[in-house]
Amino acid sequence: MATRFLITLLTLLASVGPTFAQMSPPEASLNQNAESVDVRISFPGQDRKSVTLEGRRLATGTDLVHLPAAAIERVFRAGRLWDEGERRLQLRLGVHRCTLTADSRLVRIDDEERLLPVPPRALDGDLWVPMTFVVDMLAPLTSELFAWDQDQLHLIVGGVRPNIEGLDVRTAARSTQVRLQCRVPLGWRLEHGADGTLSLKIYGGVVDTRAVRRDQPRGLVQRVNSRQTGDNAEVIVTVSSLVSRTRSHAEDDGRTIVLVLEEEAGTLPDLQVRGEVTMAEPDQLRGERHVEVIVIDPGHGGDDHGVRGRGGIQEDDVVLRVAHDLRDELKDAGFTVVLTREDARGIEPDERAERANLVGGDLFISLHANAWFDSRIQGFEAWFLEAAGGVDQDPTAFVPWTLVQQQHLAGSADLAEHVTTRVAEQFDIPVRGVGQADLPWLMGVDMPAVVLELGYLTNGDDTDRLEDRRDRRRLAAAIAAAVKDIAAYSASLGGER
Ligand SMILES: [Zn+2]
């Protein structure tokens, strides 16, 4: 019975597949002196003892943990073939074959190519693979569920503790609130279905589908259902035809997601709305916070040139050019624009956030470009910070700077989705999607923040576009269009520009 349940869930997970893992966040270099950390693996409800493995944080500037392949082989009971000459590892898991290569983020799983956030590393006679590979790529090939707790460095095999645990529907005179209790702050996006449903896509959410469900109508809510789709959870609310306005925001430091349904246009919600993170309809635009100051953060600079691509094109240079174009577009539209760096000179990661906060930015847009050894890989990506697991915050306490961005994840998710939508619409460039990653320089940014990977400098088409002045301008215009959408909607809610 339990096994069947797991397999059913797994089939669902495997059929959707994580999209985040297919994209590549900004580069991280090898930390040769990484200390060992204990990674615990437990198998609740199974006849297997917990094991503790040696992991290492091999990617500098990230929390990502690498594990030696020998250990993974044991946990997954996989077959292993290590080609020392090619520095290539093949893992065999049932009918599946995964191939990993040292220092390469490309993973081949059966006939499919996927990208890791950081590459595996050859060290001490073994290949050390990032935990992301285990959780996002290897686990879905098995008939078990896996949960990775990044804070506790604990991998739970065979059972997942949901992070969306409860549902509460409250009514007031002309409004109804659907309140979702989460263990950690999670980013989300509100979408409108054609059939009188609203859907909250919750990034990184693991939903307890039995707890987050309601069959009886209450207020403006007819029914609530939830489901798991790969890395994300979805909560579907069927609403009464009387609903004329909807919006969503977070409370309790991001741990309660609140969907507000209102009966009449223009009426204010009867329940008090607090919390900074707000998203709203009709086009999933961010609202409530007026959008006036845009901070553009051109990546790298100084001695750090970022990635180098075809014909010597350099990331720090190309992102600065796009930053200038974007600044012009936004200034023309009446925004105040601040660049974290104006020229080729470098800037410390923490300073980027500091400058943005100091000028009271409303949106933070970090510009980067990608590189990949396979020149066929191309496209535009938007990233926002992943939710911090297990954050237990005292709401009255000062928020440490490492958690500042956590409060804006919903807005960041919304900004990322909007930019990719506009870029796909207005600019002829493949859009690879939106992902969440460990992006240290966004942690302290006190406003919705995204990293835009503008294209792959190792790809001919992407490079040509980024080198072409008119194309750069069109790309900047598409990004600016997303900013304008968000500002216009925020203004329509009463925020002033
Ligand atoms: Zn970069």
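In which loop is the place of Arg87? In this predicted model, Arg87 is located in the loop between β4 (79-83) and β5 (88-93). Although Arg87 is not a glycine, its phi is positive, at about 50°. Arg87 counts as partly exposed because 16 C-beta neighbours fall inside 10 Å. A positive phi of about 50° is also found at Leu153, which is not a glycine either. Leu153 belongs to the loop between β11 (146-149) and β12 (154-157). With 19 C-beta neighbours inside 10 Å, Leu153 counts as partly exposed, since a residue is buried only if 20 or more other C-beta atoms lie within that distance.

The overall architecture of the chain comprises eight helices and 28 strands. Of its 497 residues, 46% count as buried. Among the contacts in the chain with a separation of 6 or more, 70% are accounted for by residues 24 or more positions apart.

The C-alpha atoms of Gly346 and Gly301 are 4.0 Å apart in space, whereas the two residues are 45 residues apart in sequence. When neighbours within four places in sequence are left aside, Gly346 is in contact with Gly301, Gly302, Asp303 and Asp304. Gly346 is partly exposed because 13 other C-beta atoms are found within 10 Å.

Attention now turns to the helices. Helix α6 (residues 409-426) consists of 18 residues. From the first C-alpha to the last, α6 reaches 25 Å, close to the 26 Å expected at 1.5 Å a residue. The helix is mostly covered, with 14 of the 18 residues of α6 buried.

Two packed helices are described by the angle between their axes and the distance between the axes. For α6 and helix α8 (residues 469-492), the angle is about 135° and the axes are 8 Å apart. The arrangement of α6 relative to α8 is therefore oblique, and the crossing of the two helices is right-handed. On the α6 side, the contact is made by Leu415, His418, Val419, Arg422, Val423 and Gln426. The α8 side contributes Leu475, Ala477, Ala478, Ile479, Ala481, Ala482, Asp485 and Ile486. Classification of the residues in the contact of α6 with α8 gives 10 nonpolar, two polar and two charged.

Helix α8 also packs with helix α4 (residues 315-332), the axes of α4 and α8 coming within 8 Å and crossing at roughly 50°. This angle makes α4 oblique to α8, and the crossing of α4 and α8 is right-handed. The residues of α4 in the contact are Arg321, Val322, Asp325, Leu326, Glu329 and Leu330. From α8, the contact includes Arg472, Arg473, Leu475, Ala476, Ala477, Ile479, Ala480 and Val483. The contact of α4 with α8 divides into nine nonpolar, no polar and five charged residues. Leu475, Ala477 and Ile479 of α8 are listed in the contact with α6 and also in the contact with α4.

How values were computed. Residues numbered from 1 in each chain as written. Predicted model: local features only at pLDDT ≥ 70, side-chain atom pairs only at ≥ 80, totals over all residues. Helix = DSSP H or I, 4+ residues; strand = E, 2+ residues; numbered from the N terminus. Expected span 1.5 Å × (residues − 1). Buried ≥ 20, exposed ≤ 12 C-beta atoms within 10 Å, placed from the backbone. Axes fitted to C-alpha atoms, helices over the stretch in contact; angles between N-to-C directions. Parallel < 35°, antiparallel > 145°, perpendicular 65-115°, else oblique. Left-handed = near helix turned anticlockwise from the far one by under 90°. Contact = placed C-beta atoms within 7 Å. Nonpolar A, V, L, I, M, F, W, Y, C, P; charged D, E, K, R; others polar.
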